[in-house]
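Subject: Handover of a structure and the findings on it

Dear colleague,

Please find below the structure that I am passing on to you.

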Amino acid sequence: MRVTIKDIAKYCGVSSGTVDRALNNRPGIKEKTKQKVLQAAKDLKYRPDFTARSLVKGRTMTLGIVLFDLYNRSYAQLLTAVELKAREYGYFLYIALTDKDMENEKQCIEYLANHKVDGIILFSVNKGTEFEEYLHGFSIPIITIFNFLSADWEYVGIPERAAMKNGVSHIIDKGYKQFIYISPPLKYKGITNIYTQEERLQGFLEALASNDLKEAEIIRHNDYLDYLEKINFRQRERTAIICSCDLYALEVMRFLKTKGYSIPLDVGIMGFDNIDVLKYVTPALTTIEYPVEAIGDKAVESLVHKIEKGSYINNENTELSYRFIAGESI
């Protein structure tokens, strides 16, 4: 049989209200009594009845997160941060993966809504007025991350355009004259929400324009290695390959090594994200640090504040700081 608060109260010789205050860390109880109750709960193997708790609080104490996938290490790092922070606040986490499919994303949101989550963290592939009206129909607090929707939604991210512009400006200062920009997601421009990728491209172009460099090769497809295969980097002016995320940069680096190129002597490479596996890569990749753990923490903190206090923490978009990582690949 399940051990109840009444069982603990009887065991300790106190009231059920005293046990409730101890278990939920509420005031109005002596520290000695609190520790006695907590020890009794442990000895009796007490487990909270979350269904009963949700009825009392009007909440399920669950959050949902909607992500593309977990192939990108940044997303895995983010998910870990969100789960830890949610647990810290006493919430459990439902995870839904869309595989970057617009209809799958809607099914994921409906799944979370049907499971009565108290709030959702959304990395959206959808966009537009119709989609936003669809979201409003759920009457669930939603925080968007990475891909911006509109000013109607709480957003946590970084100034993507400024971050890329800053990174590319560092590279231009190193004397690079020619640039190749790799971002396969750009092929979905006008089709799905690729806000982060569009902003990073604009930052790249603005950095070139600020330095009177107008020509650049922009690769918007998955066959970027085939494209690079045709280039003799030793016969070009000093060239830098800028990738819109570290995963592409690592693929490029591996490819160039198999072709016998020296990095950065023959060609320079920059990524974006600073994923955790970079510590194992040689030469160290130059990149932009995307603070995914901080984004996860802020998203949970603000979402829980909205659920429990009625308002988001800042009541405005939260843009966190980024950092240029000067590696050895430039």
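A nonpolar core is a set of buried Ala, Val, Leu, Ile, Met, Phe, Trp, Tyr and Cys residues joined through side-chain atoms within 4.5 Å. Buried means under 20% relative accessible area, exposed means over 50%, and partly exposed lies in between, for a 1.4 Å probe and protein chains only. Please note that this is a predicted model, in which local features need pLDDT of at least 70 and side-chain atom pairs count only at pLDDT 80 or more, while totals for chains, interfaces and linings use all residues. Residues are numbered from 1 along each chain as its sequence is written, and side-chain values use heavy atoms, with hydrogens and water left out.

In soluble globular proteins, nonpolar side chains tend to be buried together. The largest nonpolar core here has 52 residues, of which Ile145, Phe179 and Ile242 touch the most other members. Two or more residues each come from β1 (62–67), α5 (73–88), β4 (142–145), α8, β6, α9, β8 and α12 (292–309). These labels follow DSSP runs numbered from the N terminus: helices are H or I runs of at least four residues, and strands are E runs of at least two. Helix α12 gives the largest share of this core, seven residues. A second, separate core has 25 residues, among them Ile219, Tyr248, Ala249 and Phe255.

Which residues does Ile145 touch, not counting residues up to four places away in sequence? They are Leu67, Leu78, Ile121, Leu122, Phe123, Tyr155, Val156, Ile295 and Ala299, where contact means heavy atoms within 4.5 Å. Ile145 belongs to β4, a strand covered on both faces: Ile142 and Thr144 on one side and Ile143 and Ile145 on the other are all buried.

Two strands pair if DSSP finds at least two bridges between them. Strand β3 (residues 119–122) runs parallel to β4 and is joined to it by three bridges; the partner of Leu122 in β4 is Thr144. Six bridges link β1 to the parallel strand β2 (residues 92–97), and Gly64 has Tyr94 as its bridge partner in β2.

Why is β1 largely enclosed by the rest of the structure? Six of the six residues of β1 are buried, so the strand counts as largely enclosed. Thr62, Gly64 and Val66 point one way from β1, and Leu63, Ile65 and Leu67 point the other way.

The four-stranded sheet

Four strands form an open sheet in the order β7-β6-β8-β9, with parallel pairing. Its edge strands, β7 (217–219) and β9 (268–270), each pair on one side only. On average, neighbouring strands of this sheet are turned by 15° against each other, direction ignored. For such angles, axes are lines fitted to C-alpha atoms, for helices over the stretch in contact, and values run from 0 to 180 degrees between N-to-C directions.

Helix α8 (residues 160–173) packs on the sheet and touches β6 (178–182), β8 and β9; its direction makes about 165° with that of β8. Helix α9 (residues 195–210) also packs on the sheet, touching β6, β7 and β8, and its direction makes about 175° with that of β6. Strand β8 (residues 239–243) is joined to the parallel strand β9 by three bridges, and Ile242 has Met270 as its bridge partner in β9.

Loop residues

Two peptide bonds are cis: the one from Ile263 to Pro264, with omega near 10°, and the one from Thr282 to Pro283, with omega near -5°. Pro264 is in the loop between α11 and β9, and Pro283 is in the loop between β9 and β10 (287–289).

Lys100, in the loop between β2 and α6 (102–114), has a phi near 60°, a positive value in a residue other than glycine. At 44% relative accessibility, Lys100 counts as partly exposed. Lys116, in the loop between α6 and β3, also has a positive phi of about 60° although it is not a glycine. Is Lys116 buried or exposed? Lys116 is exposed, with a relative accessible area of 57%.

Yours sincerely,
A colleague
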